[in-house]
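Hi,

Here is the structure I promised to pass on.

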Amino acid sequence: MRFVRVAVPVPLGQGFTYSVPEEHAARAQRGARVLVEFGRRRVLGVVMGSSEETDLPLERVKPIQAVVDDEPVIPGELVDFLVELARYYLAPIGEVVRLALPAVERAAAEALDEQGLLEGARVATVGRMVQVARAIGEAPPELRGQASAVFEHLRALGPTPLAALEERWGNARDAVRRLARAGAVVVERVSQAVDPFFEEPAARDAAPALTPAQAAALGAVVAALDAGVARAFLLHGVTASGKTEVYLGAVGRVLESGGGAIVLVPEIALTPQLVARFRARLGEGIAVLHSGLSDRDRYSMWKRLRSGELRVAVGARSALFAPVRELRLICVDEEHDGSFKQEEGVRYSGRDMALLRAHRAGAVCVLGSATPSVASEAAVRAGRLERLRLPARARAATRLPEVEVVDLRRTGPGPSGHRLISLPLHRALERTLEAHGQAILFLNRRGFAPSVVCEGCGEIAGCPSCSVALTLHRERGGRLTCHYCDYSTKLPEACPKCGSSRLALEGAGTERIEELLATSFPSARVARLDRDVAAGLKSARVLERMRRGELDILVGTQMVTKGHDLPEVTLVGVLNADAALGLPDFRAAERTFQLLVQVAGRAGRGDAPGKVIIQTWDPEHPAIRASVRHDVDGFVERELRDREELGYPPFSRMALVRVEGTDERRAEAEARRLAAVARRAATPGVLVVGPAAAPLAKLRSRYRFRFMVRSAERAPLRQTLLAVARAPFDRRIHVVIDVDPVSML
Ligand code: ADP
Ligand code: ZN
Ligand code: ZN
């Protein structure tokens, strides 16, 4: 008797054991989807492994009911990786496996349904079945009229959907039925062909002559690829040093050798240019995975990767789970970027897990950044990552931009009257416009005014469900909106508390800056890029207008800081550099520094030199001072020292346990109880801090408490967390264990 361990989609455990009836033995392979009974439901699971025996009493082991796929949907290498990922994050295997699963093709689902196996099961399917007529025999005698025409058509042009025949011949269905009865035609159900995702092939281009630094970096990567060893590199190149050329060269090499590759980028909607460059260089063998894909297209990409027709997957963090064949290379562009961390469901880090998957697959991993994470720096020093440097911009004429600091405490507003458009910034904008250059202004706040305060009683308009102030958005007719839960209400005429009508708008968001710019620079073409104007792929359009020179000033949130290559941008302004410094987060300085260097890196990428203006209330802050000098090494050195002193990552391993509930007292009590469980389980060297209310104490009507577990070594940390994970808790409370947390809020 053979038994299999099956990952089922429930938030529990590491898989369940089922027996394999003889008729399914051949297909119930590791990585194949199977239909099993779970409790009183039927669910779709994935075979994780098999064995000849089980410790369970045989009468309690149920048989699997059906195997969905002829070939395992998840390749073995990926199954191994998912198991390790689940272990690392203490996440239920069934939820982890879902990260890599495609929907079921409708044809397979219908086959199961006909056997009565789908009753009670919820199965997501893709693909529409269409009826297609195909000529099989000789033309029957006495064929006349439409039937004759239809038959000739099928013979000449091959199988055709009935719907298409009907468009041409009104009685096509009838005709086909008669032809079928005569044995001349069969009608089949096939899954509809999928639209090609790309309308037109990108024009091909050739690699430029590499700079010596690019050639050396690529040489090191190629040597590792050719040797077939699992090496990991940190490609540390200043902004516009040509890191992308190194990825392209490495991927090209992998393709030559018949292998596959994955390229992860922070936000694919913001990097259409990068995707275009990949397609232009490497041709059509690339799957681009992004959130704008329909289920059907996503499935098509998945299937073509699985079959080996496509060998490169480019996408945001979830592309890490692409079923690429013969995986030999994973590149992570802008590895420092926070968006590689998934903040819901399975809280994994795409960057960290790229290293793991590559290592386990014997593949090469390249992490690229102009501002490597402190974690990567520590890994270089520990010998786990090999640094490859690109010390200068790729195009000989371009240098890093000059950076000027504007001390907001001492500098007044320019003609716009608003402090955040200081006089030096105003003048710089004027000069840029005169020279027909473009400017990018960055402000990490969307909306018009970040808060509305009553001057009568000091009351701040807050969200009823979250412990945050409401942001005023002019655009939607003057509404106060919560940026965390999307609650929104009309701006009241008077304070609901004291009735005063003196309501003050505090601070400025991108909407207000855009308006100020439009008034102060009436002839300039100003646009805004933030989540309000540009959801998903729409942002690509704004960037395209910028690229085409149809805009003069682009103001926006982090969206404008990402790796755009806009050669006409000569001025970058950071309106309030310290906005993120005050956050209760040990990475606040690191993030601010990275953001400043990245946004500064948008300036002066073309022929004209660039200039950056950083406005700050705290010009002496180390993160700001280092960014002025583009001093990545100096900043990291200092940051590493601080972290070591405080025992923070990368000098320790950390997890946050978040406990949330609608009843504040109950949530707090459970947090205390679980922290006590952690303390009892902690071995010496494991530190449990808290619980305390989270900085964002209430979110979507849930009160949030948390405690931190820290340890120099991973194993004891894991033991402590396992004790927490296994402790029974009040089901009205939501408990999340976040290993290597990125957001501390
Ligand atoms: P990064 O990814 O490091 O920010 P990019 O790869 O976007 O840099 O390169 C910046 C610019 O330099 C792009 O316009 C690119 O086409 C150009 N570039 C890169 N490498 C070379 C090279 N070897 N010769 C000429 N131009 C190059
Ligand atoms: Zn009031
Ligand atoms: Zn809210």
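**Sheet, ligand and salt bridges**

Strand 1 and strand 4 (residues 41–51) run antiparallel and are joined by five bridges. Strands here, like helices, are DSSP runs numbered from the N terminus (E, at least two residues, for strands; H or I, at least four, for helices). Before I go on, a word on conventions: this is a predicted model, local features need pLDDT of at least 70, side-chain atom pairs count only at pLDDT 80 or more, and totals for chains, interfaces and linings use all residues. Residues are numbered from 1 along each chain as its sequence is written, chains are lettered from A and ligands numbered from 1 in the order in which they are written, and side-chain values use heavy atoms, with hydrogens and water left out.

Back to the sheet. Pairing here takes at least two DSSP bridges between two strands.

Now the ligand. What comes nearest to ligand 1? Ala 209, Gln 214, Ala 240, Lys 243 and Asp 565 do, out of 17 residues around it; "near" means that a heavy atom of the residue lies within 4 Å. By type, the shell around ligand 1 splits into six nonpolar, five polar and six charged residues.

A few specific distances are worth checking on your screen. A nitrogen atom of ligand 1 is 2.9 Å from a polar backbone atom of Ala 209. An oxygen atom of ligand 1 is 3.1 Å from a side-chain N or O atom of Thr 244, and for the side chain of Arg 277 there is likewise an N or O atom 3.1 Å from an oxygen atom of ligand 1. On its own, ligand 1 has 570 Å² of accessible area, and the protein covers 80% of that (Shrake-Rupley method, 1.4 Å probe; for residues, only the protein chains shown count as cover).

Arg 277 turns up again among the salt bridges. The structure holds 53 of them, each being a side-chain nitrogen of Lys or Arg within 4 Å of a carboxyl oxygen of Asp or Glu. Arg 277 pairs with Glu 245, with the closest N and O atoms 3.7 Å apart. Arg 277 sits in helix 9 (residues 272–282) and Glu 245 in helix 8, so this pair ties together parts that are 32 residues apart in sequence. Are the two partners buried or exposed? Arg 277 is partly exposed, at 29% relative accessible area, whereas Glu 245 is buried, at 9%. The cut-offs are under 20% for buried, over 50% for exposed, and partly exposed in between (1.4 Å probe, protein chains only).

In the salt bridge of Arg 643 with Glu 590, the closest N and O atoms are 2.6 Å apart. Arg 643 is in helix 18 (residues 632–646) and Glu 590 in helix 16 (residues 588–600), so the pair links parts 53 residues apart in sequence. Both Arg 643 and Glu 590 are buried.

Then there is Asp 740 with Arg 714, where the closest N and O atoms are 3.5 Å apart. Asp 740 lies in the segment after strand 32 (734–739) and Arg 714 in helix 20 (residues 714–726), so the pair ties together parts 26 residues apart in sequence. Asp 740 counts as buried at 17% relative accessibility, and Arg 714 as partly exposed at 21%.

One network to look up as well: Glu 377, Arg 381, Arg 387 and Glu 637 are linked by salt bridges.

Cheers

Note on methods: A polar contact is a pair of N or O atoms within 3.5 Å; within protein, one must be able to donate a hydrogen and the other to accept it, and residues adjacent in sequence count only if both atoms are side-chain atoms. Ala, Val, Leu, Ile, Met, Phe, Trp, Tyr, Cys and Pro count as nonpolar, Asp, Glu, Lys and Arg as charged, and the others, Gly among them, as polar.
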